[in-house]
Amino acid sequence: MDAADHALGAASTITTLMKEVSSLIPHAGPLASALGVTKELISIVNQMRDNKDQCSFLVERILRILKDIAKESARLKEPIRDGSPTADRLNELVSAIEEIKKDAEAWKNTTRLDRFWSRDKIKAAVVKHEKNLTDCFTSFMLGAAIHLTAAADNSLVGRESGVRPDSNLIAHVVPDAGVTRGGLKHQCFQGTREVVISEIMNWAGGDHNQRVCWLSGPAGFGKSAIMQTVAERLDEKGNLAASFFFLRGAGARSKFTHVIATIAYHISHSIPDSQPLIQQALQADPTLLSQSTRHQLQKLVLDPLKQIPPQTKPMIIVVDALDECDDHSSITEFIGLLFETYDHFPFRFLLASRIENYIDMAFTTGQAPSMTCFMKLETFDAGHDISTFLTSRFDEFCKQRPRLFQNTQQMWPASEDLAALAERSDGLFIFAATVVSFILNDTGSPQDKLQQVLNSHLGLDPLYAQVLSNANRDDAFTKVLSAIIYLKRQLSITDLAKLLDLTSEVVVTRLMEIQSIIRIPPDNQGSVQLNHASFRDFLLDKTRSKEYYQPLGEARMMVWSLACMVKYLKQDQWPRDKAEKYACLEWCSHLESAIGGCESGELATAMVDNIQTFVRCEALEVWINTIFLGRVYQTTECLQKVKVLLQSKSVSMPDGTNAIIESVSKIRNCVK
């Protein structure tokens with residue numbers, strides 16, 4: 001589901017979170033005070049007519065912060081006491097909640113006309129409150145970290161030094177890949193997909209020998225929303241051992257490198273008895289996290305679990321979107337290992353993906369079919385669920401904006417139009433969600449846009465083309481669109497603007513042109529996300545996107561990254577922000593992808609010109625120093641490719657570059 005779907009389901013999410021947090025927090029103490037103020041805020045928000053979504057988002061953030069703090073407090077088995085440093089930090093959070101409550105009360109009591117004229121001030125206030133919450137949580141975590149570090153330092157006095165295995169593991173965990181990750185998530189619309197969810201839950205708790213379940217289906221059928229909802233329900237019931245949600249183009253979430261470490265970390269918290277055993281494994285071999293997938297799985301998961309009593313209920317590991325992992329061979333190996341260790345694994349695995357050939361082969365060869373519960377999402381009828389979703393969304397919109405329909409004589413949309421939209425969706429929830437977002441965004445007449453959709457061809461492609469055709473496709477728009485498609489990992493709007501040499505305002509303005517098919521964060525520190533991977537597929541397939549085709553994006557990203565380094569990197573300085581770090585760490589990857597696809601023309605000339613400028617300026621030294629921190633193996637390979645590229649254009653390497661390549665090669669060999 002898209003951002004609007006998330007907002008519509010906010011009430012249900014808040015109710016669920018409130019139950020969870022209330023069960024974790026004692027009836028007295030600083031945490032209870034924070035929860036009490038939050039309950040008062042929720043009561044006010046429930047009475048609001050306008051600005052409810054923004055306030056609900058703030059409430060959800062507060063509850064998630066309180067949940068995280070309460071969980072950690074429970075694990076320590078030590079309550080937070082009044083007057084303690086932790087209580088003082090919590091009081092700062094309470095003050096921030098009180099400020100939100102004060103504003104929400106004022107907004108609730110103002111007239112609609114006053115709210116209209118004050119909409120910009122209200123929006124700015126919401127942004128301010130969001131920043132205050134972030135600052136409070138950061139302050140809380142920083143204070144806790146300093147406190148714990150001091151305690152750890154004191155406890156180590158007079159003891160033999162050694163490796164801290166827990167911190168070693170944490171350094172390899174992907175923090176935003178689990179079910180409780182922050183930010184926007186795909187979630188099932190309330191009351192939908194219950195048939196398939198029930199089937200999965202029956203498999204999860206059933207008495208059978210099929211310990212692997214593969215949920216498969218085409219793009220846009222709602223696999224990730226189902227997996228998120230199922231994982232949340234398993235977590236509520238205490239049956240979730242671990243989770244990992246892959247996401248294409250999201251840095252570590254699109255790689256397999258840290259999957260086993262993340263799973264082991266989650267298991268160490270869902271099954272506390274395993275924690276000391278996992279720590280012992282890391283103490284015994286501090287290099288364990290750089291070993292093979294097979295070795296990590298054995299030492300960090302299987303061996304510790306053998307040494308503790310069996311669980312009294314089925315425990316599930318959820319891994320979503322296998323096809324969105326860049327490392328296809330690692331995914332194939334991982335699936336194979338699950339079946340190899342089938343008789344020794346005490347957990348069940350719920351996996352989801354599109355039916356890609358390499359994944360399908362892993363599930364359909366050898367003994368895998370007899371050990372797998374296959375669930376094909378396309379065999380479940382989604383028609384009724386899509387109709388329910390469409391009806392609810394349009395009803396809510398009409399209630400929120402009655403002036404738009406005061407001259408309409410009948411229900412809007414008409415029942416036959418709703419039926420036509422549901423039929424056109426043809427099981428694709430992403431189509432229904434994108435259509436709703438397109439029709440109900442704040443640009444143009446919703447009635448006119450509904451007719452545009454009804455008059456277009458079936459599928460998402462015409463809808464993508466319709467949205468793009470309405471955009472002002474200037475150079476800045478093309479830059480921004482190309483970047484969000486080709487980025488190797490997500491950047492905030494602020495960092496993206498710096499990388500592209502644009503202002504944040506320009507980036508946001510261009511993104512607003514296509515807001516119905518992407519997710520724009522509430523502030524410039526958030527990252528842009530696609531509503532669905534099918535939009536990237538559309539733009540990269542010329543037969544589908546035609547004039548909207550986005551070729552040569554890798555070359556453009558390389559040129560922009562080089563220009564960013566040349567402009568900002570100065571001698572004896574490290575990269576100062578994520579834009580500069582991205583340019584340093586990823587321009588080689590873009591170069592590797594670009595070579596062969598850009599042999600001539602203005603862009604090829606720009607590549608050569610930017611490389612020549614880069615290898616002659618002070619940014620080169622900063623880049624080499626930075627790359628040694630984590631990607632030394634790429635340095636020589638990248639410089640060699642630069643050399644080959646320049647020679648192919650009959651351009652000589654600048655003086656001293658060959659010596660740099662030789663020096664870096666020697667350092668690389670020493671590191672090995």
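Biologist: Is Ala321 buried or exposed, and what is its relative accessible area?

Modeller: Ala321 counts as buried (under 20% relative accessible area; exposed is over 50%, partly exposed in between, with a 1.4 Å probe and protein chains only), because its relative accessible area is 5%. This is a predicted model, in which local features need pLDDT of at least 70 and side-chain atom pairs pLDDT 80 or more, while totals for chains, interfaces and linings use all residues. Residues are numbered from 1 along each chain as its sequence is written, and side-chain values use heavy atoms, without hydrogens and water. The value for Ala321 is thus 5%.

Biologist: What is the phi of Ala321, and where does the residue lie?

Modeller: Most residues other than glycine have a negative phi. Ala321 is not a glycine, yet its phi is positive, at about 60°. The residue belongs to the loop between β3 (316-320) and α14 (328-340), with helices (H or I, at least four residues) and strands (E, at least two) taken as DSSP runs numbered from the N terminus.

Biologist: Which loop holds Lys546, and what is its relative accessibility?

Modeller: Lys546, likewise not a glycine, has a positive phi of about 50°. The loop that holds Lys546 runs between α26 (542-545) and α27. Lys546 counts as exposed, since its relative accessibility is 53%.

Biologist: At what angle do α27 and α28 pack, and how far apart are their axes?

Modeller: The helices in question are α27 (residues 553-568) and α28 (residues 578-594). Met557, Met558 and Leu562 are among the residues that α27 brings to the contact (heavy atoms within 4.5 Å), and Tyr582, Trp587 and Leu591 are among those from α28. With axes fitted to C-alpha atoms over the stretch in contact, and angles from 0 to 180 degrees between N-to-C directions, the two helices pack at about 145° with their axes 8 Å apart.

Biologist: How many residues apart in sequence are the parts tied together by Tyr464 and Phe535?

Modeller: Tyr464 and Phe535 are both buried, and their rings pair with centres (within 6.5 Å) 5.0 Å apart. Their planes stand at 55°, a tilted arrangement (under 30 degrees is stacked, over 60 edge-to-face, the rest tilted). Because Tyr464 lies in helix α21 (residues 460-469) and Phe535 in helix α25 (residues 533-539), the pair ties together parts separated in sequence by 71 residues.

Biologist: How many aromatic pairs does the structure hold, and which residues do ring pairs link into a cluster?

Modeller: The structure holds 13 aromatic pairs. One of them joins Phe244 and Phe246, with ring centres 4.8 Å apart and planes at 55°, so this pair is tilted. The cluster linked by ring pairs comprises Trp214, Phe339, Phe363 and Phe374.

Biologist: What share of the residues in the protein chain is buried?

Modeller: The protein chain has 32 helices and 7 strands. Of the 672 residues, the buried share is 49%.

Note on methods: Rings of Phe, Tyr and Trp (its six-membered ring) pair if their centres lie within 6.5 Å; planes under 30 degrees apart count as stacked, over 60 as edge-to-face and the rest as tilted.
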